[in-house]
Amino acid sequence: MLRVDPQQRRRLEEIIRNLGDRIEEARVNGWLGEVQGLQISLEAARNKLSSLDRLTRNRSRTPVTLGMPIIPGETR
């Protein structure tokens, strides 16, 4: 799965708003198949936004030093 560039957050939010508008238009016009397809796209966009938020939160953590493994019988 590809990761979204954090700098593209605004664009992703814009896509989500646009999909909401398109869903409303499809409902008004009675395009039920189109509504269903757009809802799937909207859910996928929201999931990407959630994963972007998780990625951003996790990046602020400091790395954990695991050290070098000790292999029995090996001399240093």
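**A close look around one arginine**

A: Arg 22 is partly exposed, with a relative accessible area of 37% (buried means under 20%, exposed over 50%, and partly exposed in between, using a 1.4 Å probe and protein chains only). Residues are numbered from 1 along each chain as its sequence is written, and this is a predicted model, where local features need pLDDT of at least 70, side-chain atom pairs count only at pLDDT 80 or more, and totals for chains, interfaces and linings use all residues. Side-chain values use heavy atoms, leaving out hydrogens and water.

Arg 22 sits in helix 1 (helices are DSSP runs of H or I with at least four residues, numbered from the N terminus). Setting aside its neighbours within four places in sequence, Arg 22 is in contact with Glu 34 and Leu 38 (contact means heavy atoms within 4.5 Å). Glu 34 and Leu 38 are also among the residues that Ala 26 touches, together with Trp 31 and Val 35, again not counting residues up to four places away in sequence.

Now step back to the helices themselves. Helix 1 covers residues 9-29 and helix 2 covers residues 32-59; the two pack at an angle of about 160°, with axes 9 Å apart (axes are lines fitted to C-alpha atoms over the stretch in contact, and angles run from 0 to 180 degrees between N-to-C directions). The two helices are therefore roughly antiparallel, a label for angles over 145 degrees. Helix 1 passes helix 2 in a left-handed crossing (the near helix is turned anticlockwise from the far one by less than a right angle).

By class, the contact has eleven nonpolar, two polar and eight charged residues (Ala, Val, Leu, Ile, Met, Phe, Trp, Tyr, Cys and Pro count as nonpolar, Asp, Glu, Lys and Arg as charged, and the others, Gly among them, as polar).

Leu 19 touches Leu 38, Ser 41, Leu 42 and Ala 45, not counting residues up to four places away in sequence. The C-alpha atoms of Leu 19 and Leu 42 are 23 residues apart along the chain, yet separated by 6.1 Å.

Leu 19, Leu 38 and Leu 42 are among the eleven residues of the largest nonpolar core (a set of buried Ala, Val, Leu, Ile, Met, Phe, Trp, Tyr and Cys residues joined through side-chain atoms within 4.5 Å). The largest share of this core, six residues, comes from helix 2.

Finally, for a sense of distance, the C-alpha atoms of Arg 22 and Thr 62, 40 residues apart along the chain, are separated by 42 Å.

Conventions. Parallel < 35°, antiparallel > 145°, perpendicular 65-115°, else oblique.
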